[in-house]
Amino acid sequence: MLTHEFIMLLGSILLQFQQIGPYWAAGLVAGSLVSVLLSGRIAEKMAALASGSFWPLPLCVATFLGILSPLCMYGTVPIIAALGKKGVPQHLLASFMISSILLNPNIFFFTFALGVDVTLMRLALSFLSGILAGGLVLLFFRNRKVFAFERFASPEDKKKAPFFLDLFKAFRITAPYLLFGITLAAWFERYVPPDMVAGMFGARRGLGVLFATTVSIPLYVCGGGTIPLVRAWMHAGMGTGDAMAFLLAGPTVKINNLSAVKMIFGAKHFALYLAYNILFAMIAGWTIEFITGRM
């Protein structure tokens, strides 16, 4: 009986990988291409942005460059520190940082496993969150310092890794998380009744958004490992707004990212960072649920 259950679970895992693997592979290739070909230009463009021009345009450019950046949070923080020391205005750094945390080319292509509509929605909301964050910093912290870069040494220029080496590195980092996510999703689909999912995420009244935002803190470990789990939840009845709240809150408040974020904020600004991202995720989720008629 145990052997039979194991074989069935293994079959579910292989089926999950067959369905989601191509999106993961496309994301790896896209991320490595951007990393090898464009990451230097992204830093140059950020350094060239000036606060004197019409302010919405630089905010949009900084947000777009953040989404285009293939770096993880621990790679983004030193870049932000270096750009800050070069005089890039802090509201542009805020836009770049938030959008970079929320989305990158790898995760963008991987999100297509959840559907085109969810992917484009995630892109639009990540863009909006970056612009809004920069706008709020510009509005409320025009003459006050948000970031603290004193502890960061100026990074030395490093030789760019060739494409296939960068691709292998991305594979090595993301593959364990993908395997974990697929295994968890397969187990979930086999042993958790769909009715329980509807109960967990509150089919109506928007309670699912609140629950999704809360569980994103312990469960969102890596973007690649999370997609299979969200996909399984959505197939079992999770609402689009619930899923979007999870995908927006998770990257910004996941536990292994917070230590990196705290390095560039004091306690007060770190609390504001958490509050902003949690509120944005919940409001976005509730708005989607209202539009789709689930509230």
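Guide: A helix here is a DSSP run of H or I with at least four residues, numbered from the N terminus. This is a predicted model, where local features need pLDDT of at least 70, side-chain atom pairs count only at pLDDT 80 or more, and totals for chains, interfaces and linings use all residues. Residues are numbered from 1 along each chain as its sequence is written, and side-chain values use heavy atoms, leaving out hydrogens and water.

Visitor: Which helix gives the most to the lining of the second largest pocket?

Guide: A pocket is an open set of points on a 1 Å grid over the protein atoms alone where a 1.4 Å probe fits, with protein on both sides within 12 Å along at least five of seven lines; lining residues have an atom within 4 Å of a point. Here 24 residues form the lining, with A133, L136, L272, Y273 and Y276 nearest the centre. Helices α5 (90–102), α7 (116–140) and α14 (267–291) each supply at least two of the lining residues. The top contributor, with ten residues, is α14.

Visitor: How many aromatic pairs does a search of the whole structure find?

Guide: Rings of Phe, Tyr and Trp (its six-membered ring) pair if their centres lie within 6.5 Å. Searching the whole structure gives a total of six.

Visitor: What is the angle between the planes of W233 and F246?

Guide: W233 lies in helix α11 and F246 in helix α12, so their pair ties together parts 13 residues apart in sequence. Both are buried, meaning under 20% relative accessible area. The pair is edge-to-face (planes over 60 degrees apart), with centres 5.5 Å apart and an angle of 90°.

Visitor: What is the relative accessible area of Y273?

Guide: Y273 sits three residues from F270 in helix α14, about one turn. Y273 is buried because its relative accessible area is 5%.

Key: Rings of Phe, Tyr and Trp (its six-membered ring) pair if their centres lie within 6.5 Å; planes under 30 degrees apart count as stacked, over 60 as edge-to-face and the rest as tilted. Buried means under 20% relative accessible area, exposed over 50%, partly exposed in between (1.4 Å probe, protein chains only).
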